[in-house]
Amino acid sequence: VLKLQKAFGWSYDELKMSVAAMAQNGKEAIAAMGVDTPLAILSKTYQPLYNYFKQLFAQVTNPPLDAIREEIVTSTRIYLGSEGNLLKPDENNAKRVKIALPVISNEELFEVKALNKFQVKEFSILYDYSKKTLEKALDELCVKIEDEVKKGVSIIILSDKGVDEKNAYIPALLAVSGVHNHLVRKNLRTHTSLIIESGEPREIHHFACLLGYGATVINPYLVYESIQKLIANKDLNLSYEKAVENFIKASSSGIVKIASKMGVSTLQSYNGSALFECLGLSSKVIDKYFTSTTSRIEGMDLEDFEKELIALHKHAFNDTHKALDSKGIHGFRSAKEEHLIDPLVIFNLQQACRNKDYKSFKKYSALVDEKQVNLRSLMEFDFSEAISIDKVESVESIVKRFRTGAMSYGSISKEAHECLAQAMNKIGAKSNSGEGGEDEERYEIKEGVDKNSAIKQVASGRFGVDLNYLSHAKEIQIKVAQGAKPGEGGQLMGFKVYPWIAKARHSTAGVTLISPPPHHDIYSIEDLAQLIYDLKNANKDAKISVKLVSENGIGTVAAGVAKAGANLILVSGYDGGTGASPRTSIPHAGIPWELGLAETHQTLILNKLRDRVRLETDGKLMNGRDLAIAALLGAEEFGFATAPLIVLGCTMMRVCHLNTCPFGIATQDTELRDRFKGKVDDVINFMYFIAQELREYMARLGFERLDDMIGRVDKLRQKSVQGKAGKLNLDKILKSLPTYNRTAVHFKDYKDNKLEKTIDYRILLPLCKNAVEKKEPIKLSLEVGNQSRTFATMLSSEILKTYGKDALDEDSIHIKAIGNAGNSFGAFLLKGIKLEIIGDSNDYLGKGLSGGKIIAKISNEATFSPEENIIAGNACLYGATEGEVYLDGIAGERFCVRNSGALAVVLGTGVHGCEYMTGGLVVVLGDVGANFAAGMSGGVVYIFGRHNEAHVNTELVDIKDLNAKDEKELKAVIEKHIAYTDSKKAKDILEKFDKKDFFKVMPRDYEKMLKMLDLCKNEKDPNLAAFLKITQK
C-alpha cells in the first residue's frame, strides 16, 4: 500500500486530513486561514493534474444553490450504459444501470464487472514509459476504446491497477478527459459510460474533476486499501464497512456541494460539464484533452508533466523510507512545500510593527518578495521614469485607501475585532465588521475612542443586520462571495457562538450558524440592484460596495454590478483567509486576484463604466510591491486581513475553527482571550509601513499621485524565469487596451441614485416631521403602485439617525397604502411605524424588519378568498430582527427566511418557509410548502393542519403537540391578527379552536438551551452558564 501511495503522489497530510477524517466522521474536514502555498504551476514539487484546475462558481446571476438545507432539489443518482437516441426514444433507452452515488465501493465495481446484459470492457491505463511517451499511450488508448464502442461496448472501465517499476500510469484525470473528448469528437460519447478504477484520486476535488471531465462513476481502490491499513494500525476506530460508507457519503456530499456552486442540482447534469478553469497547462494540452476549458495563462506541455510524473514514479519505487512524507500542504513544514507566510516572515513582521522599526519591515518585505508563490511574483516593473520621493502623495493620504478584511465578530474575538477598528479609525482608513453584526455599544465614540467598524457587511445570513447597524456605516458591503470558499455560505461552529456573539447575531448561543450560499433576495442583477437600492434608502450617506471573487467572467458580472448602482467593487483573490471552510474549497475554488482584477478593470473600461465605480482588491496583500502591482492592474483601494492578524499576534496555527487560538485572536474562550497582546499602534505601524513602501515604488515608477497610477499596466512586464513557470504567459493580465478613452481609466464620480424622487423623500418625511419632533401621532393614507419600492425605509432611517431607534411610541406613524406595493415594502421598518397595505405586495416585504409593524389585507370590495390567494411575494421578512407582521393571505417562497425576532402571522406559505430561522414566532393558519423549517435553529412556529407535518424538514427541529402555555400564546396571536386584518379564516379557526388541529415546530438545540437556561436561572450569568454546560460537556 505504501509503495502505491507514493507512486500516486499521496502525502501524509492528505491521508490524515482527507481520507482518515472523512472515513471517521462521514463529512469533509474543516480548515482555516486560507492558502499561501504556490499555484501548482509555480510549485517546485510534483503536483497532481487536479491541482491545475480551479472550480467555477456562480455569483449574482443564477446563483449557487443551497445543497445543505435544500437537499430536496439535488440528486446523486447516475446511470451506466448507452443513452440511446434521445430523438427516437424506445425501450432500449431505459436499459441502463442505476447507481445511487458516484463514488462506488470495490463490491459495487465487482457487480458492474459481472453484469451479463451489458457489454462491459476493462482497459488498462498503464504504459511502459521506457518504450512510449505519455501522449502516445493515451492516443493509442483512445483509438482502442473508439473501436470497442463501435462494436457495442456500453460500459468502459479504465483501470490503473498493476502499477510497478516498469509500468507507470496515465493520470486518471488525463485518461478520463482524453477518452471523453475523443469520443465526443467521434460522436460516440452517449453510446457508453466511463468508470475510472484508480489509486490516484483521494480528495473531493479529485472526484469532482473526474466527474466534470467525463467519468460516470469512480472507484478509488487505494483509498479503501488505505482505510484498511489505518484500521489495522488503530488510527481509525470503526469497522472497515462503516469507514468506507462514511468516506463515500462525505465524498458524494462534497461533490454535490461543488456542483451546487454553479447552481447545478443533479450529478447527471454535472457529468462532463467541465465547470473548471485551468491555471498552468498549455493551450495545446487543453484543446486536445480538456476541450473548451478556459485557460488564460498557458503553461506546461504534456512532455513537461510527464517528466515530473516519471520522476515521482522512479522515486516511489526507489524510496526506502517506511512512511508517507508530510509535504506541508496546509500548514508550514520545514524544507517542504513553500509557504508565503513562514515563521521567519511572521517573526520579522511582528518585530517591525511592535518596535516601529521600518528596517525590520523592509527585511520582512524582502523575504516575501523572494518567494515565487503567486502570479505577481512573475512580474517586474519599468523603473525608467523615476522621480523624487518628496513629490509623492503622503502616507497619511494613501492609508485612507486601506481597509481591513471582513472578519466577523464571532470568528475573531471582541479584543481583536475592536483593535482593528480603532486602528483604522485613527488613521482615517476603514475596518470591516464582517458578517456577524456588531455590539451596539461600539457605535458611539466614548472618551475619544472610536470602535465602530466603518464598513458594515451584509451577507446571505443577515446576521446582526438591522436598521441601527446599517445607519452607523460609512460603507455597506454586500458579500456575494468569499475568496476562501466562493459559492458557499459562511459557518461559525456552535462552540464559538457564546452568548455575546448570539446577541450580536440575533441567534441562539451554542448553535452552529451557517449562512446560505446565495442571498435569497439576489437571483439576478436586477435583484442586486434592488438590494443596493434598499441599502441606499436605509443609509443614504453610505457608499455601497459589492464583494466578488476572482474567476473567469467576473468582468461581465462587475459590469452588471456597476449598472446596478454599486459605488465600489471588491475583487477578492482565491487565497484570502477564513475562520472556517471545507478544506478542499480553500485551494481549489476561485483564482488569483491578478486575473480577476485585470479582467474587471478592462471590462469596465470597454463598457464605459470604469469612472463611476472604485475598484478594491484583497487576498494575501503583504507589502508595498503587492499594492503597486494591484494599483497598476486597476485597484484604487486595498484590503488586508491575514497580515494585520499576524501583527496582532497570529502565528498561523490554523485552529481558528476550533476556538483554541493560543493568542486570543480567533477564539471566544475568555481564558484564551486574556492572552491577547495586540495593540492598536502595532496595526497603525503596519499600515504606515506598507504605505511608505508603496510611496517608494511610486517614486521609482514616476507617479506623484496614486490616481495617476491606476491601470497603468504599461509599467509592468513579465519576468523571465526558469522551470515550468517560464512557460506561463501573462499577456492577458498585462494587456493595455489600445482603444479606450484614457480619461476614464479610473474612478471619477459616483452615479446619482436619485433618492430625492422616492415617495419617502417627497411625501413621507415632510408629513411625518411633526410626529417625531412634537410626539404627535399621525395617520396617512395614499395610493401606491409597484414602482413604490422600499416604502418607508428612508423615513425609518432618517428618524433613527436624528432621534434614535426608540424615538417613536407604538404606532406613532400609521400609514395606509392602497394598491400594489413594490418590492421591499417596509424594509428595515423602524419601531413605532405601522404600515397597512390594502391590496397586495411584491417580494421582500418586511426585509430586515427592525421593530415596525406591517399589516396586509385585501380590499373590502375584493370577491376572492384571501386563504386561496397570494398577498405577498417571496422572501418576506428576510433577516427580520424585531416587529410584527400580519398577512391575511398566502406568502410566497422562503417566508421568514433567517427571521431572528419578528412575530408573523400568515394564511399559508410557499416552499422553504422559515428556512434558517433563529428567533421569533411564526403562526401559519394554512398550508406550508415543502422543506419547511430547513436549517431552523431558533424561534417557534405554530402550524394549522396536521397534514402539513409531512412538509417539515425535521433535520434540526421536532414536531410537537401544543401544551396549555402554547395554546394560550397561540390564541392571543390569532386574536391580534383578527384585530388588525378582520380575517375570516382566523375567526373561523378561533371559533372552532382545537389545539389538536395545530402542531408546534421546535428546534432541538433551541429547546435544549431554553431548558438549560431555566436550570441556570439562579447563576450569576445564566446565559454563559447554560452555554458552557451545553458546549463543554
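Predicted model: local features only at pLDDT ≥ 70, side-chain atom pairs only at ≥ 80, totals over all residues.
Helices and strands are named here as DSSP runs, numbered from the N terminus. Lys677 sits in the loop that runs between α24 (670–673) and α25 (680–701). Its relative accessibility is 60%, so Lys677 counts as exposed, the cut-off for that class being over 50%.

Glu108 is located in helix α3 and is partly exposed, with a relative accessible area of 35%.

Side chains of opposite charge can pair when their charged atoms come close. In this model the count of salt bridges comes to 72. One of them joins Lys261 to Glu488, with 3.3 Å between the closest N and O atoms. This pair links distant parts of the chain, 227 residues apart: Lys261 belongs to the loop between α8 (240–260) and α9 (267–270), and Glu488 to the loop between β16 (475–479) and β17 (491–492). Both Lys261 and Glu488 are buried.

Another salt bridge connects Lys831 and Glu882, whose closest N and O atoms are 3.8 Å apart. Because Lys831 lies in the loop between β26 (813–821) and β27 (833–841) and Glu882 in strand β30, this pair ties together parts 51 residues apart in sequence. Lys831 is partly exposed at 31% relative accessible area, and Glu882 is partly exposed at 36%. Salt bridges also link Arg403, Glu475, Arg614, Glu616 and Glu637 in a network.

Attention now turns to the aromatic side chains. The model holds 26 aromatic pairs. In one of them, the ring centres of Phe747 and Tyr750 are 4.5 Å apart and the planes meet at 45°, so the pair is tilted. Phe747 is buried, with a relative accessible area of 12%, whereas Tyr750 is partly exposed at 28%. Tyr886 and Tyr980 form a tilted pair as well, with 4.9 Å from centre to centre and 35° between the planes. Here distant parts of the chain are linked, since Tyr886 is in strand β30 (residues 882–887) and Tyr980 in helix α29 (residues 964–981), 94 residues apart. Tyr886 and Tyr980 are both buried. Finally, one aromatic cluster is formed by Tyr358, Phe361, Tyr364, Phe402, Phe638, Phe640, Phe686 and Phe689.

Note on methods. Residues numbered from 1 in each chain as written. Heavy atoms only, no water. Helix = DSSP H or I, 4+ residues; strand = E, 2+ residues; numbered from the N terminus. Buried < 20%, exposed > 50% of the residue type's maximum accessible area, 1.4 Å probe, protein only. Phe/Tyr/Trp six-rings, centres within 6.5 Å; stacked < 30°, edge-to-face > 60°. Salt bridge = Lys/Arg side-chain N within 4 Å of Asp/Glu carboxyl O.
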